[in-house]
Amino acid sequence: MKNGLEARPLWQRHLLALLAVGITTLLAVPLHNHLDLANTAMLFLLTVVLVAVKLGRRPAILTAFCSVIAFDFFFVPPHWSLSVAHAQYLVTFAVMLVVALIITHLTAGLRQQATDANTREQQALSLYELEKVAHEARMQMLSERLRNTILSALSHDIRTPLTSLYGLAESLKLSKPPLPSDTQETITAIRDQALHLNSMVSNLLEMARLQAGGMKFRKEWQPLEEVIGASTKLLKVALRHQPVKVSLPADLPLLEFDAILMERVFCNLLENAAKYSPADSTLQITAKLLPTQVEICVCNPGEGFPADKLNQVFELFERGNHESTIPGVGLGLSICRAIIEAHDGDIAASNPTHGGGCICFHLPLGTPPIIEPEPFHPTGNTP
């Protein structure tokens, strides 16, 4: 690979070679009375070496010939002439030229060897990088296999007994005759904790699938109020003391989203809002139409988010208050962000001026399909 002076055009390198001969001549002239011809010739040979190293083979050959001419013209008697007074000087010129050309050839060979060595080094580094990438790919594949194994274990070995535990607790609550009140309270606590633990496991599974890229999206054009209704129904027990007020525009169009994943978003946001709200407070879900998006907010009248963590609450295992006694592992909002961003939207946390906290996200409006009204047929005249 050429660099420095050798990367310049050939005509520039030839010009620099001639300039080098001229500078050597100017330096040698005042030294001529103090140096014999052999030492003066050494100065020109040194110039040939420097040109060969810096400018390459062809400029060095030009330097060799021009050095012999300059040496003859300026320093060999008769001065200022190319004629030769003694035949022995012809031998000097021939030896000087041959030595200069040999030096040029050897220097060029060394440069080529250095270039070849550098090329081999670059190839070795490239092979090392390829091997490193291949190793990382193998490790990632093994990691994905381990992740899938853990997901399978969680799905079957943890969720199944949790579901059974919840079902047994619910059956005990409904048993006849009713159990004593203190036993009923214990059963309710067991049921609620099983439900909460099941939600945590679900969040872990969802996040693992999202990070592994194994989540399949099934986007369809559908009304937003249906997925909100399904979410509040799923959280009927968790929200039994905190009603949800839903306010949607009358002209809200159909939106394209995966209903199952969007249901997870609303469940996580409502659970999060409920955990950090006073008892018997009302949670709010609102929507607002924007030019190209719809803005959906889930708000609660609690203390709001820490002002210095509004941009961090969506990170993995991040919680608003690390010392909080409220149960949770900090995955719900991370899952919400991953799902919303997969729907080409964005999500953010804020603390309204009137108090409380809000999580707002945006979904693109797009162009929903036109639903043709069914034709009206009077009774008895159906086609």
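Cys 358 counts as buried because its relative accessibility is 6%, where buried means under 20% relative accessible area, exposed over 50% and partly exposed in between, with a 1.4 Å probe and protein chains only. This is a predicted model, in which local features need pLDDT of at least 70 and side-chain atom pairs count only at pLDDT 80 or more, while totals for chains, interfaces and linings use all residues. Residues are numbered from 1 along each chain as its sequence is written, and side-chain values use heavy atoms, with hydrogens and water left out.

Cys 358 forms a disulfide with Cys 299, the sulfur atoms being 2.0 Å apart; a disulfide is a pair of cysteine sulfur atoms within 2.5 Å. The link is right-handed, with 115 degrees about the S-S bond. Cys 299 lies in strand β5 and Cys 358 in strand β7, 59 residues apart. Strands are DSSP runs of E with at least two residues, helices are runs of H or I with at least four, and both are numbered from the N terminus. Cys 299 is buried too, since its relative accessible area is 14%.

How many disulfides does the structure hold? There are two. The other one joins Cys 297 and Cys 360, again with sulfur atoms 2.0 Å apart. This link is right-handed, with 110 degrees about the S-S bond. Cys 297 is in β5 (residues 293-300) and Cys 360 in β7 (residues 357-364), so the bond ties together parts that are 63 residues apart in sequence. Both cysteines of this pair, Cys 297 and Cys 360, are buried. With the bonded cysteines numbered in sequence order, the pairing reads 1-4, 2-3.

Cys 336 is in no disulfide; the nearest cysteine sulfur belongs to Cys 267 and is 9.5 Å away. Cys 336 counts as buried because its relative accessibility is 0%.

The helices come next. Helix α1 (residues 10-28) packs against helix α2 (residues 37-55) at about 155 degrees, with the axes 10 Å apart. Axes here are lines fitted to C-alpha atoms over the stretch in contact, and angles run from 0 to 180 degrees between N-to-C directions. The angle therefore makes α1 roughly antiparallel to α2, a term for angles over 145 degrees. The contact (heavy atoms within 4.5 Å) involves several residues, including Leu 16, Ala 20 and Thr 24 of α1 and Leu 43, Phe 44 and Val 51 of α2.

Technical notes:
Parallel < 35°, antiparallel > 145°, perpendicular 65-115°, else oblique.
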